Amino acid sequence: MHVADLPLAPEYVDHFEGAGIEELYPPQVAAVEAGVCDGDNVVAAVPTASGKTFVAELALLTAGGPGLYVCPLRALAREKYEEFDALPGVDAGISTGDYDSAASDLAENDVIVATSEKVDSAIRNGAEWVDDLACVVVDEVHLLGSPGRGPTLEVTLATLRRRTPDVQVVALSATIDNPEDIAAWLDAELVESTWRPVDLRTGVCADGEVRFDDGTDLSVPVDAGDPATDADTEATVDLVRGAIEDGGQALAFVSSRREAEALADRLTEERLAAVAAGRDRGGDGDPDAPVADPERAAAEVAEELRGAGTTGTGERLAESAAWGVAFHHAGLSSDHRALVERAFRERRLAVICATPTLAAGVNVPARRVVVRDQRRYTGEGTEWLPVLEVHQMCGRAGRPHLDPYGEAVLVADDADGREELWNRYVTADPERVESKLRDPAALRTHTLALVATGLAGSQVAVLDALSGTFYASRTANPDLGGAVGDAIASLIDDGMLAAAEAAEAGSGTAKGSAGGDGGTGDAGSGIEATDLGAQVSRQYLTPETGVRIVEGLEAVAGMTDEDVTELTAFEIVCDTPDMVDTYLGNAERAEIYQFARDRSAELTTGMAEATDFEAWLESVKTARILTEWVDGASVEELVEAYRIGPGDLESRIERAEWLLGAADALADVVGVNMPAFASARAKL
Ligand code: ADP
């Protein structure tokens, strides 16, 4: 099937041909046959790089009205936005938090790119564009199974479909075990394929030999290497080096930030840019050809990294980049992360040593992917990575048009390890995707939102609104009545919901009527959001965060004015579940403890009162960092003093900005004068 055969205006056909898309890939043909250009709902579960974006574009261009593209990852959202905006005559808008179009502008756009949280927030704030949509494309729909974000995605999609029943839904997924369940939920035709534009072979390396699933093998000449490193690392180094010698690039996945930096350090000894240079001498000007002078290119990348920030981490990154090696993890500043990703795509870096986060979203394919570590640290120990996650790492292997094939290698300790990894990841299917909506915290959040937006005014109506969720479609007897009853009762306790006036006049016992036993008796009685509940929902806070802010404000009301400082404001918002935790090491614990004692008059929680003292002390650490930031400390100083990465600081500043704004709005509702929220926010 050729693009010219599709129901597309000639300017689009020209555009796609210009981008090298002429003959459709087999999964794209299947999506067209499933009705993606005819307004039909389609779920496509296909591997990375098999052309999902084009399927999305077909849906958006043929839907005959405004489209929404829901994208979970911000870095990817930006890429997609640029791609859609480049379509002739298409005006795209973006709402992800960091590159937002003005909210009022979004209504004018032909295509809106947003995270599911932003769509949810837009619905809660009464955005009208959500009712005009002709088409919704959901990328990475397998995230329905993620505990934090899955419930938001399913409730948002259910709400959109309820409000606009004719909207076309196209959902794109990685290869998962049960895409048919997602298709059944969305009344969609399922397109399932394992086709890839570049062949992929996956294998396990043990005792100096890789055995691949296509029956081939490869010996890895593990030399003694650096006695300071272990055999897994040396095998990884040899696999990476081999890929570069062969004319490719490599990605190496390890379990932690520290490991990523240590591996990068070890790899710089291999002089990979020079290896690539020996191989590539005399590139011929073809944009797909290797860069002409990899050593110079690497040196330029190092300079660009130095230009984008001068922290210790940034300097270490620049030093290794000069050898063609980079590391990538959440502690890096977003500028550095973006530079590394781009330089790698432009083939100016030979290898990236990354934590698993890189696997999920960003488009950085490589000839060879080496997964050195397959376990990750949790609070208590280590656990195996999910199969889906390891498959996504492996799926990064093989660059279309550039590599003759892709190779993914899992590194095992020994023969027993080989068998374990083989069974666990090479031959195994990825996990099933199951709903996480039953989680009480998720139900509280979404129950409050449904009532506050006026989409539901009773327990029965909440249940009805949730009947369109993935959870309900997956569960024979979804009986959420008890759980929703509990959510309503606890929200009434927290002062966020109340019996609707009519009901109140009648019985005045909304709490009892919504009670946790399923509440069948009075489940139909009216409930409404209080001013507090409405504001919590509009500000996109979890109810728990709303409760904590209100407690903080009550404490503030009893404090003298001079004790209420920006530290007070930061302590309140940092001690909420919506702020990211900051690790508190043993070495600094005593110091933070002392700080909390010295400044206890400014804190809303007494040292003896904290229910979870350790968690509170961590919040005090975050609050202290942010206080020093607004007082003028530099990124370098904070990174050095608190042993956090520049990326960690960025994420906390961004959260604080949102939470302080929200807390300011709640202070108005509660009637407490707390100017420190606004003043701290203004200085971030
Ligand atoms: P993914 O499925 O991972 O989202 P993309 O949509 O990003 O993959 O596509 C991967 C690459 O393949 C892109 O560079 C895209 O331009 C290219 N591509 C997509 N469809 C075709 C096609 N039919 N012919 C040639 N190249 C294509």
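This report describes the aromatic pairs, the charge-over-ring contacts and the ligand surroundings of a predicted model.

**Aromatic pairs**

Across the whole structure, a search finds 7 aromatic pairs. One of them joins Phe16 and Phe54: the ring centres are 4.8 Å apart and the planes stand at 90 degrees, so this pair is edge-to-face. The pair links distant parts of the chain, since Phe16 belongs to helix 1 (residues 10-18) and Phe54 to helix 3 (residues 52-62), 38 residues apart. Phe16 has a relative accessible area of 2% and is therefore buried. Phe54 is likewise buried, because its relative accessibility is 2%, which lies under the limit of 20%.

A further aromatic pair is formed by Tyr593 and Phe613, with 6.1 Å from centre to centre and 65 degrees between the planes, an edge-to-face arrangement. Tyr593 is part of helix 27 (residues 586-598) and Phe613 is part of helix 28 (residues 613-630), so the pair ties together parts that are 20 residues apart in sequence. Tyr593 counts as partly exposed because its relative accessibility is 30%. Phe613, with a relative accessible area of 21%, is also partly exposed.

**Charges over a ring**

The ring of Tyr405 has the charged end of Arg201 sitting over it, 5.5 Å from the ring centre. The charged end of Arg367 also sits over the ring of Tyr405, at 5.5 Å from its centre.

**Surroundings of the ligand**

The residues around the ligand include Gly20, Ile21, Glu23, Leu24, Tyr25 and Gln28. Also among them are Thr48, Ala49, Ser50, Gly51, Lys52 and Thr53. By type, this shell divides into 4 nonpolar, 6 polar and 2 charged residues.

On its own, the ligand has 570 Å² of accessible area, of which the protein covers 75%.

Note on methods:
Residues are numbered from 1 along each chain as its sequence is written. This is a predicted model: local features need pLDDT of at least 70, side-chain atom pairs count only at pLDDT 80 or more; totals for chains, interfaces and linings use all residues. Side-chain values use heavy atoms; hydrogens and water are left out. Rings of Phe, Tyr and Trp (its six-membered ring) pair if their centres lie within 6.5 Å; planes under 30 degrees apart count as stacked, over 60 as edge-to-face and the rest as tilted. Helices (H or I, at least four residues) and strands (E, at least two) are DSSP runs, numbered from the N terminus. Buried means under 20% relative accessible area, exposed over 50%, partly exposed in between (1.4 Å probe, protein chains only). A charge sits over a ring if NZ of Lys or CZ of Arg is within 6 Å of the ring centre and within 35 degrees of the ring normal. A residue is near a molecule or strand if one of its heavy atoms lies within 4 Å of it. Accessible areas come from the Shrake-Rupley method with a 1.4 Å probe; for residues, only the protein chains shown count as cover. Ala, Val, Leu, Ile, Met, Phe, Trp, Tyr, Cys and Pro count as nonpolar, Asp, Glu, Lys and Arg as charged, and the others, Gly among them, as polar.
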